[in-house]
Amino acid sequence: MADETAVKAVLRAFRIELPSWAFGLSGTRFKVFGQPGVPRTVFEKIDDAAMVHRLTGAAPTVAVHIPWDATDDYAGLAAYARDQGVAIGTVNANVFQDDAYMLGSVCHPDAGVRAKALDHLYSCIEIMAAVGSRDLKLWFADGTNYPGQDSIAARQERLAGVLAAVYARLGTGQRLILEYKLFEPAFYHTDVPDWGTAYLHCAGLGERALVCVDTGHHAPGTNIEFIVSVLLRAGKLGAFDFSSRFYADDDLMAGAADPFQLFRILHEVHLAGGLDPSAGISFMLDQCHNIEPKIPGQIRSVMNVQEAVAKAVLVDHQALAKAQQAGDVLGANAVLMDAFATDVRPLLADLRAE
Ligand code: LRH
Ligand code: MN
């Protein structure tokens with residue numbers, strides 16, 4: 001079993017990106033509950049994210065969402081973040097809140113609406129250049145609610161066309177991260193519903209197009225770590241949006257609903273060498289703290305992900321491979337369960353103190 005030194009070494013280099021929107025007001029269609037001291041501007045969201053980084057030492061970047069975090073001086077925003085000890089990370093485009101997008105954005109039947117969406121994506125690439133961001137994350141709400149509402153095949157063509165235009169516009173070192181989601185807000189079909197569809201589009205674009213696995217975006221019972229292992233093998237895993245859920249895209253704190261699943265996912269990532277920053281995988285949180293205090297919620301989430309990483313690093317890979325090779329079913333499973341059952345909280349407390 002890996003020793004504490006090895007675990008600490010991995011954790012010292014392991015970084016978690018915070019979502020600016022987790023600090024803002026959020027809720028469900030039933031109610032958005034106010035909370036005292038909620039940030040009013042992107043600068044105040046950066047302040048809150050910087051507090052999480054100061055206390056955990058593991059969250060030096062903040063993902064922004066446009067236009068939720070729009071400002072007229074993005075270079076100034078990046079400088080402000082630097083002064084707070086953090087940096088702007090992934091730029092998330094948003095083509096799901098304009099009335100024009102009722103029947104879709106990049107997959108919309110009307111070329112004018114698709115052009116409007118593409119313009120927004122181009123503007124996000126300019127923002128990336130201004131803030132020094134590497135990743136453009138694309139999640140599309142696009143889909144239909146009733147069979148026959150639109151052509152599934154034609155929508156895939158439209159999507160491929162827009163993605164190719166975006167990919168061609170990327171600057172040096174910039175990447176396109178395509179995020180899939182099974183359903184919601186579309187309830188019959190979603191144009192990027194699963195890892196296979198996302199993979200197909202990314203493979204068609206090129207090596208700087210990678211897939212984002214949001215842990216809340218699968219059908220109940222999906223073996224997400226299998227998907228992660230397959231995408232890693234294909235060299236197409238670019239990012240995670242970590243949250244947890246009991247039912248659908250509940251956006252609860254990572255590891256809160258299913259810490260064992262989070263461990264199994266990070267076990268597969270570690271096996272493939274994906275925890276190393278050189279692997280280029282972005283580990284982000286994508287959550288909403290509807291009823292709990294937001295900064296403590298983010299701190300707890302960072303700690304939950306760190307705990308899962310520590311346990312994944314503790315897995316005795318040699319013993320595991322030996323048991324697997326020998327067909328020792330119980331033995332192999334026990335190697336994993338021993339690591340998962342290890343209390344790593346004292347180790348993480350030491351690391352934070354250090
Ligand atoms: C969609 C999603 C996507 C974001 C949004 C805030 O459900 O996961 O990553 O753009 O949440
Ligand atoms: Mn997400």
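This is a predicted model: local features need pLDDT of at least 70, side-chain atom pairs count only at pLDDT 80 or more; totals for chains, interfaces and linings use all residues.
Q: Is the peptide bond from Ile 66 to Pro 67 cis or trans?

A: Most peptide bonds are trans. The bond from Ile 66 to Pro 67 is cis, with omega near 15°. Glu 184 to Pro 185 is also a cis bond, with omega near 10°, and Pro 185 sits in the loop between strand E6 (175–179) and strand E7 (189–190).

Q: What is the phi of Glu 184, and what is that of Asp 251?

A: Most residues other than glycine have a negative phi. Glu 184 isn't a glycine, yet its phi is positive, about 75°. Asp 251, in the loop between E9 and helix H8 (259–271), has a positive phi too, near 55°.

Q: Which of these counts as buried, and which as partly exposed?

A: Buried means under 20% relative accessible area, exposed over 50%, partly exposed in between (1.4 Å probe, protein chains only). Glu 184 counts as partly exposed because its relative accessibility is 35%. Asp 251, at 14%, counts as buried.

Q: Which residues of helix H6 (residues 195–205) are buried?

A: Residues three or four places apart in an α-helix point the same way. In H6, Thr 197, Ala 198, His 201, Cys 202 and Leu 205 are buried. They share one side of H6 because they cover an arc of only 125° around the axis, taken from the directions from the axis to the C-beta atoms. Leu 200 and Gly 204, on the other side, are exposed.

Q: Which residues coordinate the manganese ion (ligand 2)?

A: Glu 179 (OE), Asp 214 (OD), Asp 241 (OD) and Asp 286 (OD) do, at 2.1 Å. Donors are N, O and S atoms within 2.8 Å of the metal (3.2 Å for Na, K and Ca). Asp 214 in strand E8 (residues 209–214) and Asp 241 in strand E9 (residues 237–242) are 27 residues apart, linking distant parts of the chain. Both are buried.

Q: Why is the arrangement around the manganese ion (ligand 2) octahedral?

A: Six octahedral donors ideally make angles of 90 or 180 degrees. The six donor atoms here subtend angles of 72 to 168°, so the arrangement is octahedral (opposite donors over 155 degrees apart, all others between 65 and 115).

Definitions and conventions:
Residues are numbered from 1 along each chain as its sequence is written. Chains are lettered from A and ligands numbered from 1 in the order in which they are written. Side-chain values use heavy atoms; hydrogens and water are left out. Four donors count as tetrahedral if all angles lie between 85 and 135 degrees; four count as square planar and six as octahedral if opposite donors are over 155 degrees apart and all others between 65 and 115; anything else is irregular. Helices (H or I, at least four residues) and strands (E, at least two) are DSSP runs, numbered from the N terminus. Contact means heavy atoms within 4.5 Å.
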